[in-house]
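Colleague: I have just opened this entry for the first time. Could you take me through it?
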Amino acid sequence: MSSSHNAEQQGDMPPAIDLRKINKSFGPVHANKDVDLVVARGSIHGIIGENGAGKSTLMSILYGFYEADSGEILINGKLAAITSSKDAIYAGIGMVHQHFMLIDTFTVLENVMLGAEQSSSLKESKISARAELARLSVEFGLAVDPDAITGDLAVGLQQRVEILKALYRGAEILILDEPTGVLTPQEVNQLFDILNALRERGVSVMLITHKLQEIMAITDEVTVMRGGTMVATRETAKTTKAELAELMVGRKVLLEVDKSVAQPKEVLLETSNLTIKDDAGVTRLDAVSLKVHAGEILGIAGVSGNGQTELLDVLSGILPVQEGFIVLNGTTIDKKNVLNAKDFRHLSLGHVAEDRHKQGMVTDFSARECAIMGFQDEPEFNGPILMDNKAVTEHCVKLMDEFDVRPANPHLKAANFSGGNQQKLCLAREIERQPKVLLVGQPTRGVDIGAIEFIHQQIVQLRDAGHAVLVVSVELEEVMSLCDRIIVMFEGRIVGEMAASDADAQKLGLLMGNAGSNDQTSTQGASS
Amino acid sequence: MSDFILILLSTLDSTIRVSTPLILCAMAGLFSERSGIVDIGLEGKMLGGAFAAAAIASITGSAWIGLSAAIGVSVCMALLHGFACITHKGNQVVSGLAINILASGLTVTLGIAWFHQGGQTPLLSGDARFYSIDLPGALALADVPVIGAIYSQLISGHNALVYLAFITVPITWWIVYQTRFGLRLRAVGENPQAVDTAGISVFWLRYRAVICAGILCGIAGAYLSTGQNASFVREMSAGKGYIALAALIFGKWRPKAALLACLLFGFLEALTVRLEGVDLPLLGQVPTQLMQALPYILTVVLLAGFIGKAVAPKAIGVPYIKER
C-alpha cells in the first residue's frame with residue numbers, strides 16, 4: 001500500500017475496480033442499468049450525477065449493502081462476490097458514508113476498531129489499535145486524538161475518523177459519498193489534501209458528488225450517470241463544467257443565475273437581538289439583528305447547524321420569540337405579542353421550509369392536499385361544513401401548471417414526486433399567494449440541476465416584483481449567484497455581511513469556519 | 001437501641017431477598033436494551049421461568065434441573081421476542097406486552113392442566129428447592145459486635161441464586177465494558193447502521209443480546225418459585241419485571257447504578273412490609289399504595305429530568321432496516 005504508482009506501472013496492472021453490466025431494480029424502478037465502470041489503481045475517480053441517477057445504489061452494491069440483480073465485480077482483476085459489507089471490507093474496499101457511520105458516544109479509538117478488534121478482550125484490542133492508529137496517522141498525515149469522544153469532534157475531524165476506519169481495515173479502495181456536504185470550504189481543502197496523499201500512496205479513491213467544481217478540482221477521471229446508466233467517462237483535464245452539466249441533465253443548462261441588479265426599497269422584515277435557547281439551555285441564536293428590504297434577496301450562508309434552522313423557525317412563527325423582536329410588515333412580534341405560524345402567514349409571509357419532508361409537506365398525503373397546507377382554513381377551500389374538494393384539486397392543477405410540476409397529477413402521493421418536483425410544489429404554494437416576505441430554506445436541496453434553474457428564476461421574479469426574499473442555503477455557489485446580499489452565520493451569531501458582488505468562496509469560507517477559532521485541535525503527533 | 005438495629009438488619013436482609021429478582025431482571029434488560037431492543041417482556045419471561053422451574057423441579061425433584069428448565073423456557077420466550085422484533089421488525093413494546101400476556105395466561109392454563117391445583121404447582125421440598133447457605137465462619141463470627149451481625153445475618157444465610165444475582169452485576173459490567181462483544185453491543189444500540197457497515201451482523205448481535213436477557217430472566221423466575229417460595233403461584237412475578245425495568249432506567253442503563261436502583265426499590269418494598277399497620281410518630285400510618293408506587297414515581301421524576309438526565313441508547317426501539 002505504501003509504494004506509490006506511476007502511470008507506466010498502471011499500464012500492466014489490472015484496474016482497482018472493474019464493474020461489468022451491473023443491474024439493480026427496486027420494484028419497478030431500474031436504479032442501475034447495465035453499468036460498466038473501470039477505476040484505475042491509484043487514481044481519484046469522480047462519479048457525478050443528479051439525485052436519483054443511481055450513484056448511491058451503485059456504491060451500495062460495491063460496498064455490499066445491496067446485492068446486484070446481475071453483473072460482475074472485479075477487484076484488482078479478480079472476480080469478487082460481495083454480498084455484505086464484511087465481504088467488501090475483506091476485498092479491500094472502505095467507504096465514507098454521507099451520514100457518518102460513527103458511534104457518537106464512543107472514543108475515536110473505539111470507533112476505529114469497532115468490528116475489527118484484534119482480540120476478544122477490549123484492553124488488548126485497544127493497545128494494538130492505538131499503535132496501528134498512530135502509524136496510520138503519521139503515514140497519511142491524518143492526526144486525530146484517539147481518546148476524544150467522537151460526537152464532540154468537528155465534522156471535518158469526524159470525517160477523518162471515517163477515513164481512518166477504512167484504512168485501519170486495510171482499505172486500498174476508498175469510496176466517499178458526497179463527502180463535502182457538511183464541510184466548510186477550508187475543510188474541503190483539507191479533505192482534498194488527504195485524498196491527494198492517499199492517491200500518492202496508491203489508494204484508489206472514488207468520489208461521489210453532485211458538485212461540478214469538486215470534480216474539476218480533484219479527480220483524474222470522471223464518470224457521469226443519468227437515469228441509472230453510465231452516460232460518459234471523461235478525463236477530467238479534457239472536459240469542462242458545462243459539458244459535464246449537459247451530460248448530467250441531458251440538455252444545456254445555465255449554471256449562473258440570470259438576474260439584474262437589485263433595487264432594494266423599504267424594509268419589510270427586521271429583527272433585533274433575536275436570541276433563542278433550546279430546551280437544554282444552549283444558545284442557538286445569538287442576538288441576531290438583520291433587515292430584509294423589498295426588492296432584494298438576502299442570503300444566509302453557513303455550515304448547517306449554526307442557527308439557520310432556528311432563525312427560519314422563529315421568523316416563520318414556529319418558535320416563539322424569546323428575546324429581541326421581529327418587525328414584519330410593520331407589526332412587531334416579541335415576547336409579549338406572541339404570534340403563531342398562521343398569524344405570520346396572515347402578515348403576508350411565505351415560508352418554504354428547509355426540510356420539506358418534515359415541515360414542508362406530509363409525504364403520505366396527495367399533492368392536492370400538500371398544495372393547501374398552511375392555507376387549509378382559507379374560505380376558498382372550504383364549504384359551509386366540509387372542505388371544497390373541487391376547489392382544492394383545481395388549485396393544485398393550477399399550481400402544477402404554472403410551476404411545471406411533473407407528473408401533473410394532483411391525486412398522486414407527495415412521496416412519489418422527485419425532490420425537484422416536491423420543491424416546486426412547495427414553492428408554488430407559497431409564491432402563489434404573492435407574500436411580501438418570502439423565507440426559503442435550502443431552495444435546491446435534493447433538487448436536480450434542471451429544476452434548480454427554474455426555482456432560481458421564480459425567486460428572482462418575486463424579487464423583481466418588489467418582494468423581500470430571505471434565502472438560507474449551505475450551498476455557497478447558490479448563495480453567491482442567487483442572492484444580492486450575504487450574511488454569514490456561525491454558532492448562532494452573524495459573523496459577517498457583504499454584497500454578493502464582493503463575495504467569493506474564500507472570504508465566505510473563512511467566515512463560515514470562523515477563521516479565528518481553529519478546529520484543527522492537533523495536526524501533528526496524534527499518538528500520545 | 002439494639003431493637004432498632006435488629007429491625008434495620010432484618011429489613012436490609014429482606015431488601016436483599018426482594019432485590020434479587022429485580023437485579024437479575026435489570027441486568028437482563030440491560031443486555032437487551034443496550035443492544036437497542038426494548039424489553040418490556042422481562043415480567044413475562046420471569047413468570048414463564050418461574051413456572052418452568054417449579055414444574056420441572058417438582059417432577060424431577062432437582063432444583064438445578066428446574067433452574068435449567070426456567071432458563072430454557074425464558075430463552076425461548078426471548079427468542080420469540082427477537083423473532084418478532086429483530087427478524088420481522090415488529091413493534092418492540094407490543095411484542096413485549098404479548099410475551100407478558102402469553103406468560104400470564106399460559107402458566108395458569110398449563111398449571112391447571114398438569115397439576116390440578118388451581119394454577120399452582122405442588123409444594124416443593126428437599127432438593128427441589130434452593131435453600132439458604134450459611135457462609136463459612138458465619139456462626140463463629142455471629143457474636144462479634146456489628147461486623148459479626150452484619151456478616152452472619154445480612155450477608156450469610158441466603159440461597160445460591162441470591163449470590164448469583166449479585167455476582168451477575170460485575171460480570172455484566174465486565175462483559176459490557178471490557179469485551180469485544182460488549183463494545184459491539186453498545187455500538188448496535190447507538191447506531192446499528194455503523195455496526196452493519198463495519199461488517200458485523202446486526203441481527204446476530206441483537207439475538208445474542210436477547211438470549212442473554214432470557215438466561216437472566218430465567219434465573220430470576222427460578223428464584224421466585226424455587227428459592228424465595230416453594231411453589232409457583234399464579235401471577236407471582238407481580239410487576240417485578242416492570243420495577244426492574246424502572247430500575248434499569250433509573251440506573252441510566254448502567255450496571256452499577258442499576259444495582260443501586262434495584263436495592264433502593266427493594267428497600268422500599270421491604271419497608272412497606274415492615275411499616276404495614278405501624279403508626280409512625282408524626283406521620284401516622286403510611287399508606288402501602290404510596291410506598292408501592294414510589295419506584296414508578298421516582299422513575300417518572302427521573303425521566304422528567306429532575307435527577308440528572310437519563311440518556312437512553314440512541315437506537316432503542318427502532319427496528320433495523322437497511323436503507324430504502
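Colleague: How many Å separate the centres of domain 2 and domain 3 of chain A?

Modeller: The centres of domain 2 of chain A and domain 3 of chain A are separated by 38 Å, taken over C-alpha atoms. Please keep in mind that this is a predicted model.

Colleague: Which residues does the domain assignment of chain A give to each domain?

Modeller: According to the assignment, domain 1 covers 7-92 + 172-249, domain 2 covers 102-165, domain 3 covers 262-348 + 436-514, and domain 4 covers 360-434.

Colleague: What does the C-alpha trace of chain A span along its principal axes?

Modeller: The spans are about 75 × 50 × 45 Å. The radius of gyration of chain A is 25 Å, which agrees with the value near 24 Å that a compact globule of 528 residues would have. Of the 528 residues in chain A, 46% are buried. Among contacts in chain A between residues at least 6 apart in sequence, 69% join residues at least 24 apart.

Colleague: And how many helices and strands does chain A have?

Modeller: Chain A has 18 helices and 20 strands. Six strands form an open sheet with mixed pairing, in the order β16-β17-β18-β13-β19-β20 of chain A.

Colleague: Which strands stand at the edges of that sheet?

Modeller: The edge strands are β16 (349-352) and β20 (493-499) of chain A; each has a single partner strand, so one side of each is left without a neighbour in the sheet. On average, neighbouring strands of this sheet are turned by 15 degrees against each other, direction ignored.

Colleague: In which sense do β13 and β19 of chain A pair, parallel or antiparallel?

Modeller: Strand β13 (residues 297-301) and strand β19 (residues 485-490) of chain A pair in the parallel sense, over four bridges. Ile300(A) has Ile487(A) in β19(A) as its bridge partner.

Colleague: Which helices pack on the sheet?

Modeller: Helix α15 (residues 419-431) of chain A packs on the sheet, where it touches β16 and β17 (437-441) of chain A. The direction of α15 makes about 175 degrees with that of β16(A). Helix α18 (residues 505-512) of chain A also packs on the sheet, touching β13, β19 and β20 of chain A. The direction of α18 makes about 30 degrees with that of β19(A).

Colleague: Let me pick out a residue. Where is Val472(A) placed, and is Val472(A) buried or exposed?

Modeller: Val472(A) lies in strand β18 (residues 468-472) of chain A. Val472(A) counts as buried because there are 26 C-beta neighbours inside 10 Å.

Colleague: What does Val472(A) touch, leaving out residues up to four places away in sequence?

Modeller: The residues touched by Val472(A) are Ile300(A), Gln308(A), Leu312(A), Glu354(A), Gly441(A) and Gln442(A). Val472(A) and Ile300(A) are 172 residues apart along the chain, yet their C-alpha atoms are separated by 4.7 Å.

Colleague: How many bridges join β11 to β14 of chain A?

Modeller: Strand β11 (residues 267-277) and strand β14 (residues 323-328) of chain A run antiparallel and are joined by five bridges. Thr275(A) has Glu323(A) as its bridge partner in β14(A). Strand β14(A) also pairs in the antiparallel sense with strand β15 (residues 331-333) of chain A, over three bridges. There, Ile326(A) stands opposite Ile333(A) in β15(A). The hairpin of β14(A) and β15(A) has two residues between the strands, and Asn329(A) takes a positive phi near 50 degrees in this hairpin.

Colleague: Let us turn to chain B. How many residues does the contact take from chain B and from chain A?

Modeller: The contact takes 18 residues from chain B and 22 residues from chain A. On the side of chain B that touches chain A, the elements giving two or more residues are α8 (180-190) and α9 (192-197) of chain B. The residues of that side divide into six nonpolar, six polar and six charged.

Colleague: Why is α8(B) described as largely enclosed?

Modeller: Eight of the eleven residues of α8(B) are buried, so α8(B) is largely enclosed by the rest of the structure. Among the buried residues are Leu183(B), Arg184(B) and Glu190(B). Their cover includes α4 (108-113) and α5 (122-140) of chain A, together with α1 (2-34), α7 (160-178), α9 and α10 (202-228) of chain B.

Note on methods. Residues are numbered from 1 along each chain as its sequence is written. Chains are lettered from A and ligands numbered from 1 in the order in which they are written. This is a predicted model: local features need pLDDT of at least 70, side-chain atom pairs count only at pLDDT 80 or more; totals for chains, interfaces and linings use all residues. Two strands pair if DSSP finds at least two bridges between them. Axes are lines fitted to C-alpha atoms, for helices over the stretch in contact, and angles run from 0 to 180 degrees between N-to-C directions. Two residues are in contact if their C-beta atoms, placed from the backbone, lie within 7 Å. Domain bounds come from an automatic or database domain assignment. The radius of gyration is taken over C-alpha atoms; the globule rule is 2.2 Å times the number of residues to the power 0.38. A residue is buried if 20 or more other C-beta atoms lie within 10 Å of its own, exposed if 12 or fewer, and partly exposed in between; C-beta atoms are placed from the backbone. Ala, Val, Leu, Ile, Met, Phe, Trp, Tyr, Cys and Pro count as nonpolar, Asp, Glu, Lys and Arg as charged, and the others, Gly among them, as polar.
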